[in-house]
Amino acid sequence: MASALGPSRVPKPKGVHPSHYYESFLEKKGPCDQDYKKFWAGLQGLTICFYNSNRDFQPLEKLDLRTFVKLTDEAPRGSSRDPGIHLNLVLRDQEIKFKLESLESREMWKGLILTVVELRVPPNLTLLPGHLYMMAAVLAKEEARRALEVPSCFMKVSRLEAQLLLERYSECGNLLLRPSGDGTDGVSVTTRQILNGAPVVRHYKVKHEGSKYVIDVEDPFSCASLDAVVNYFVSHTKRALVPFLLDEDYEKVLGYVEADKENGENLWVAPSAPGPVSSSTRPAILKPKKLAKLPAKPPKPPIVPKPEPKAINGVPARKLAGRSPQAVFLATRLGDVTAELEEKLQKRRALEH
């Protein structure tokens, strides 16, 4: 029952601030920005989150450090009059420029980004021992976090499928982790690089011994996790090897096909707002590009018994409906190279006989 002073107020639930390895104010300028914008930024695993203020709970933007290339601290060209302290983050598909409040803040961001990317504390930093101790603690947290995760470049594909994926989608990386082909619980690493204009493909065995993963090279190297295996190949090749990260392409605009009442052509249109669009609120037909006319009544195809769907990576296609979107997406991409894979297998069998 309401009191004499009015209805009782229910306290709003308080949000929980995200846990960051490090956070501070900084100014950020992306490739599409005209000028720098000030954010409250926090490093969380391999992600930098940007907020309007330190009281916000949901980030406005995120940067994925899995596509890290390099860090530089030179001031951009034409900024000789700018007294700011600069840091440039180069990713695989973009370059982000930062301005920091102090040299200490720049060294902290520089050191922590390199720590989580390379899984080691950088040796050449202008910081106090207490700051270096903090980075060592961040390194331990990041190693523990990654030990529980499967690397994004791990895919359940065969040896030949791995080669074809690296060849077909070379812009997505050149290092792929896959199950071992000998039936054990180990893994294999497939790499593809270009040498003098010709592709060079290499395969490496990684044995699973107890809680460790041992890379079977001339001087065997033991790793605590699969992520550490990937980091070994990346760091020991001076980042020439890039973990394979298959991009998922999705449409951003809802659209549908509608017949033009004037000439009967079928055109692609887009509703002005989500949800059902009635005839009274339906927008005018969009004609940015003239599309090919579709037949009003296509001829009926002859009735042919439906063939059994082909298996993709050993899994029948009809079972893909119940799998995760990522698994279905990968199976679709693998389906695109099935014909090429079969052709190469036939050529190999012909050479063997």
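Is serine 225 buried or exposed, and at what relative accessibility? Here are my notes on this one, point by point.

1. Serine 225 first. With 7% relative accessibility it falls under the 20% cut-off, so it counts as buried. You'll find serine 225 in the loop that links strand E12 (221-223) to H4. Leaving aside residues up to four places away in sequence, serine 225 touches Arg146, Ala147 and Tyr213. Arg146 turns up again below, among the buried residues of H2.

2. Some overall bearings. Keep in mind that this is a predicted model. The chain has 6 helices and 16 strands. Of its 353 residues, 36% are buried. If you take the contacts with a separation of 6 or more, 44% of them come from residues 24 or more positions apart.

3. On to the sheet. It is open, has 7 strands and pairs antiparallel, in the order E4-E3-E2-E1-E7-E6-E5. Strand E4 (61-64) and strand E5 (68-72) sit at the edges, each pairing on one side only. From one strand to the next, the twist averages 35°.

4. E5 runs antiparallel to strand E6 (residues 85-91), and 4 bridges join the two. Within E6, asparagine 88 is the residue that stands opposite threonine 72. As a reminder, strands of a sheet pair through backbone hydrogen bonds, either parallel or antiparallel.

5. What lies across the strands? Helix H1 (residues 103-118) does, covering strand E1 (22-29), strand E2 (37-44), strand E3 (47-51), E5, E6 and strand E7 (95-100). H1 runs at about 100° to E1. H1 is mostly covered, with 14 of its 16 residues buried. From its first C-alpha to its last H1 reaches 22 Å, close to the 22 Å expected at 1.5 Å a residue.

6. The buried residues of H2 are His131, Met135, Val138, Leu139, Glu142 and Arg146. Looking down the axis of H2, these buried residues fall within an arc of 110°, which means they line one face of the helix.

7. Now a residue from the outside. Glutamate 171 is in the loop between helix H3 (159-168) and strand E8 (175-179). Its relative accessible area is 54%, over the 50% cut-off, so glutamate 171 counts as exposed. Glutamate 171 and arginine 92 are 79 residues apart in sequence, yet their C-alpha atoms are 9.5 Å apart in space.

8. Last, the cysteines. How many disulfides are there? The count comes to 0, taking sulfur atoms within 2.5 Å as the rule. Two cysteines to look at are cysteine 153, which counts as buried at 2% relative accessibility, and cysteine 223, which counts as buried at 3%.

Conventions: Residues numbered from 1 in each chain as written. Predicted model: local features only at pLDDT ≥ 70, side-chain atom pairs only at ≥ 80, totals over all residues. Heavy atoms only, no water. Pairing = 2+ DSSP bridges. Axes fitted to C-alpha atoms, helices over the stretch in contact; angles between N-to-C directions. Contact = heavy atoms within 4.5 Å. Buried < 20%, exposed > 50% of the residue type's maximum accessible area, 1.4 Å probe, protein only. Arc of directions from axis to C-beta. Expected span 1.5 Å × (residues − 1).
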